[in-house]
Amino acid sequence: VGRTDLSVLIIGNTGTGKEGVAFYLHDYSPRRGKPFVAVNCAALEPELLRSELFGHERGAFTGAIGKKIGLCEMARGGTLFLDEIGNMPIPIQTALLRFLETRRYRTVGGTEEKKADIRVIAAAQRDLPEKISRGEFRQDLYHRLAQVEMETPDLKDVRQDIPLIMRQLVYKRFQHVN
């Protein structure tokens with residue numbers, strides 16, 4: 001999957017390494033060496049999220065005192081990682097769906113259509129199917145994001161990995177110590 005440009009949806013509980021999996025997919029892809037840009041979709045208000053993803057023009061809204069480049073443009077040639085995608089508001093889901101279908105977008109307040117050459121990897125909690133059934137997440141967006149779906153297991157389910165994880169953490173911690 002790493003060597004493809006397919007969209008990947010990573011499903012798992014908090015703390016199961018979804019962002020690590022996303023970076024691994026990026027790092028083992030032809031997009032390696034290009035930007036890996038991550039955004040937590042749950043941490044931003046709807047209009048701010050739209051501006052973060054697609055950018056905005058000066059004067060597009062109160063407080064837009066200058067032009068801002070969006071994450072889709074910042075990730076040019078690389079990977080955009082959308083964490084907590086299940087918490088994205090429906091209006092932004094609609095804009096994201098159009099973007100995924102066309103790879104084209106407009107900045108907030110802009111008139112010029114831009115094209116983005118990026119791979120999209122998203123992550124969500126295990127409750128995403130429930131959100132779809134309640135109408136809180138678009139099923140068509142789910143299918144567009146989940147060209148490949150991966151699941152990250154809870155650590156309690158892969159106890160044999162604990163020594164490997166510990167070894168990696170210790171290595172990373174002392175790698176830069178002289």
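A: The account below begins with the basis of the model, then turns to the sheet and the residues packed around the strands.

The model is predicted: local features need pLDDT of at least 70 and side-chain atom pairs count only at pLDDT 80 or more, while totals for chains, interfaces and linings use all residues. Residues are numbered from 1 along each chain as its sequence is written, and side-chain values use heavy atoms, with hydrogens and water left out.

The chain contains seven helices and seven strands; these are DSSP runs numbered from the N terminus, of at least four residues for helices (H or I) and at least two for strands (E). Their order from the N terminus is β-α-β-α-α-β-α-β-β-β-α-α-β-α.

Five strands form an open sheet in the order S2-S3-S6-S1-S7, with parallel pairing; two strands pair if DSSP finds at least two bridges between them. The edges are held by S2 (36-40) and S7 (148-151), each of which has a single partner strand, so one side of each lacks a neighbour in the sheet. From one strand to the next, the twist averages 20°, with axes being lines fitted to C-alpha atoms, for helices over the stretch in contact, and angles running from 0 to 180 degrees between N-to-C directions.

Next comes the packing. A nonpolar core is a set of buried Ala, Val, Leu, Ile, Met, Phe, Trp, Tyr and Cys residues joined through side-chain atoms within 4.5 Å, where buried means under 20% relative accessible area, exposed over 50%, and partly exposed in between (1.4 Å probe, protein chains only). The largest core has 33 residues, of which Leu9, Leu53, Leu80, Leu82, Ile85 and Phe99 touch the most other members. Helix H4 (residues 90-102) gives the largest share, five residues. A second, separate core of eight residues includes Val8, Leu25, Ile121 and Val148.

Beyond its neighbours within four places in sequence, Leu82 has contacts (heavy atoms within 4.5 Å) with Val39, Cys41, Leu53, Leu96, Val120, Ile121, Ala122 and Ala123.
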